[in-house]
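Please open the structure in your viewer and keep the selection tool at hand, as each stop below begins with something to pick.

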Amino acid sequence: MADDNTNNEATEAGAEGTAPAFGIVGQYVRDLSFENPNAPASLVPGQVNPGSNVNINVQVKKQADDVYAVEIGLNVKTERESTVLYAVELVYGGLFRTRNIPENQLGALLMVEAPRLIFPFARQVLASTIQAGGFPPLLLEPVDFLALYRRNLAAAAEKNKTEGTAEATEVKPTVN
């Protein structure tokens, strides 16, 4: 009986060693900037509702053999009648550890699933910062990171096509 338990434990430990694994190690704010260039006049309600322009990007940087930093860049510029009310730049990141992930799946995992996991936290930092600046918080809708990833793949494929290169169009994490 004791031998059966020992063999089962060894088999389970061996399976864990080769099983794919993906997890978050930590989260951080790398950069945060809030500008209210026309304060206090920008806080006075106007006749026209303000409009916001939001830009989102994702970057991946390899930190070690199995550790990647995934950063979401959020840039928001809100204007009313061509006057900037506020501008916010946020780079929010997560450190992710991967193990036994096939190379052909790593790009999608890091460019889609990793940002999806940390986006709610970045959205909260952005909303809190805007509110602390004296404005109603901007609550961003969830982002379809898969669509963003596919659009980047299509853009890379089109670029390769127009340049006449025969490189693969897989969007891969940048390595620094």
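How do the residues of the lining of the largest pocket divide into nonpolar, polar and charged? They divide into 10 nonpolar, four polar and one charged, where Ala, Val, Leu, Ile, Met, Phe, Trp, Tyr, Cys and Pro count as nonpolar, Asp, Glu, Lys and Arg as charged, and the others, Gly among them, as polar.

Before selecting anything, note that residues are numbered from 1 along each chain as its sequence is written. This is a predicted model, in which local features need pLDDT of at least 70 and side-chain atom pairs count only at pLDDT 80 or more, while totals for chains, interfaces and linings use all residues, and side-chain values use heavy atoms, with hydrogens and water left out.

**The pocket**

Select Pro50, Leu85, Tyr86, Phe135 and Pro136, which lie nearest the centre of the largest pocket among its 15 lining residues. A pocket here is an open set of points on a 1 Å grid over the protein atoms alone, where a 1.4 Å probe fits, with protein on both sides within 12 Å along at least five of seven lines, and lining residues have an atom within 4 Å of a point. Its volume is about 210 Å³, meaning the space filled by probe spheres set on the points, which are joined across faces, edges and corners. Now colour strand 3 (67–80) and strand 4 (83–99), each of which supplies at least two residues of this lining; strands (E, at least two residues) and helices (H or I, at least four) are DSSP runs, numbered from the N terminus.

Between strand 3 and strand 4, pick serine 82 in the loop, which has a positive phi of about 65° although it is not a glycine. Then move to proline 40, in the loop between strand 1 (21–35) and strand 2 (51–64), where the peptide bond from alanine 39 to proline 40 is cis, with omega near 0°. Most residues other than glycine have a negative phi, and most peptide bonds are trans.

**Two helices**

Show helix 2 (residues 103–132) and helix 3 (residues 145–163), which pack at an angle of about 145° with their axes 9 Å apart; axes are lines fitted to C-alpha atoms over the stretch in contact, and angles run from 0 to 180 degrees between N-to-C directions. The contact (heavy atoms within 4.5 Å) includes Met111 and Phe119 of helix 2 and Tyr149 of helix 3.
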